[in-house]
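Hi everyone, thanks for making time. Could you bring the structure up on your screens while I talk?

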Amino acid sequence: MSQIKVNSIIPVSGVPTGGGGGIVQTKSTTKTDTFSTTSTSFTDVTGLSVIITPTSSTSKILITGVVTFGGSDGEAYGYTFNLSRVIGGSETDICIADAAGNRTRATLGTQGFNNGDATMGHSLNFLDSPSTTSQVTYKVRARAENPKTLYVNRGNEADGDNAITSRFVSTITVMEVSA
């Protein structure tokens, strides 16, 4: 079997002004099991992380995904998630809101939504510039509002075993984009 291996293919018309924009590599994780927490501090959502090692320090990393969750008593109230980047043991929350008094800085979540058996799905999209060729871990962290329980990939605490009670998936995908 023949193989052709190249670092890049440039269109006949050349690269766009500013160059780059090609997808170099893609890594993805799909979380199919459930997770729960009562922690009011951000904690890792087990199984919702992905590792990529950029080939160039000028590359950008496009992060996409979805987080599906529900909560105590069917409420989707006061549950927040952060996207974090870990390089060489140093963890940084990225794609979070500006500081505003005592408010929680978060990537996504819900506040003030109460509707019986509500299960929410929120998308995640962010273009990061890690400026490294070292291994980078992107992960989702979550927190609940006291005294609530946050559930990932399932609905409320009753979690009845019947056809109308669903289980869901959450995903995180990273793509190295050439600069």
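First, some housekeeping. This is a predicted model, in which local features need pLDDT of at least 70 and side-chain atom pairs count only at pLDDT 80 or more, while totals for chains, interfaces and linings use all residues. Residues are numbered from 1 along each chain as its sequence is written, and side-chain values use heavy atoms, with hydrogens and water left out.

So, what does the secondary structure of the protein come to? It comes to 0 helices and 13 strands. Both kinds of element are DSSP runs numbered from the N terminus: helices are H or I with at least four residues, strands are E with at least two. Buried residues make up 39% of the 179 residues. Here buried means under 20% relative accessible area, exposed means over 50%, and partly exposed is in between, with a 1.4 Å probe and protein chains only. The protein exposes about 9900 Å², and carbon and sulfur atoms supply 47% of it; the areas come from the Shrake-Rupley method with a 1.4 Å probe, and for residues only the protein chains shown count as cover. As for contacts, meaning heavy atoms within 4.5 Å, take those between residues at least 6 apart in sequence: 82% of them join residues at least 24 apart.

Now the core. In soluble globular proteins, nonpolar side chains tend to be buried together. By nonpolar core I mean a set of buried Ala, Val, Leu, Ile, Met, Phe, Trp, Tyr and Cys residues joined through side-chain atoms within 4.5 Å. The largest one has 25 residues, and Ile 63, Phe 81, Tyr 138, Val 140 and Ile 172 touch the most other members. Several strands each supply at least two residues of this core, among them strand 3 (43-52), strand 6 and strand 11 (136-143).

Let's stay on strand 11, where 8 of 8 residues are buried. Which residues point which way? Val 136, Tyr 138, Val 140 and Ala 142 point one way, and Thr 137, Lys 139, Arg 141 and Arg 143 the other. Beyond its neighbours within four places in sequence, Val 140 is in contact with residues including Val 45, Leu 48, Val 67, Phe 81, Leu 124 and Ile 172.

Strand 11 also has pairing partners; two strands pair if DSSP finds at least two bridges between them. Strand 3 pairs with strand 11 in the antiparallel sense over 6 bridges, and Asp 44 has Arg 141 as its bridge partner there. Strand 6 is joined to strand 11 by 8 bridges, again antiparallel, with Ser 84 facing Lys 139 as bridge partner.

On to the aromatics. How many aromatic pairs does the structure hold? There is 1. Rings of Phe, Tyr and Trp (its six-membered ring) pair if their centres lie within 6.5 Å; planes under 30 degrees apart count as stacked, over 60 as edge-to-face and the rest as tilted. The rings of Phe 69 and Phe 81 have centres 4.9 Å apart and planes at 55 degrees, so this pair is tilted. Phe 69 lies in strand 4 (60-71) and Phe 81 in strand 6 (79-87), so the pair ties together parts 12 residues apart in sequence. Phe 69 is buried at 0% relative accessibility, and Phe 81 is buried at 1%.

Then there is a charge over a ring, which requires NZ of Lys or CZ of Arg within 6 Å of the ring centre and within 35 degrees of the ring normal. Arg 154 lies over the face of Tyr 151, at 3.9 Å from the ring centre. Tyr 151 is also one of the contacts of Ser 72. Ser 72 itself lies in the loop between strand 4 and strand 5 (75-76), and is buried at 4%.

Cys 95 has a positive phi of about 55 degrees although it is not a glycine; Cys 95 lies in the loop between strand 7 (90-94) and strand 8 (108-110) and is partly exposed at 28%. Ser 131 likewise has a positive phi of about 55 degrees without being a glycine. Ser 131 lies in the loop between strand 10 and strand 11, and is exposed at 56%.

Thanks, everyone!
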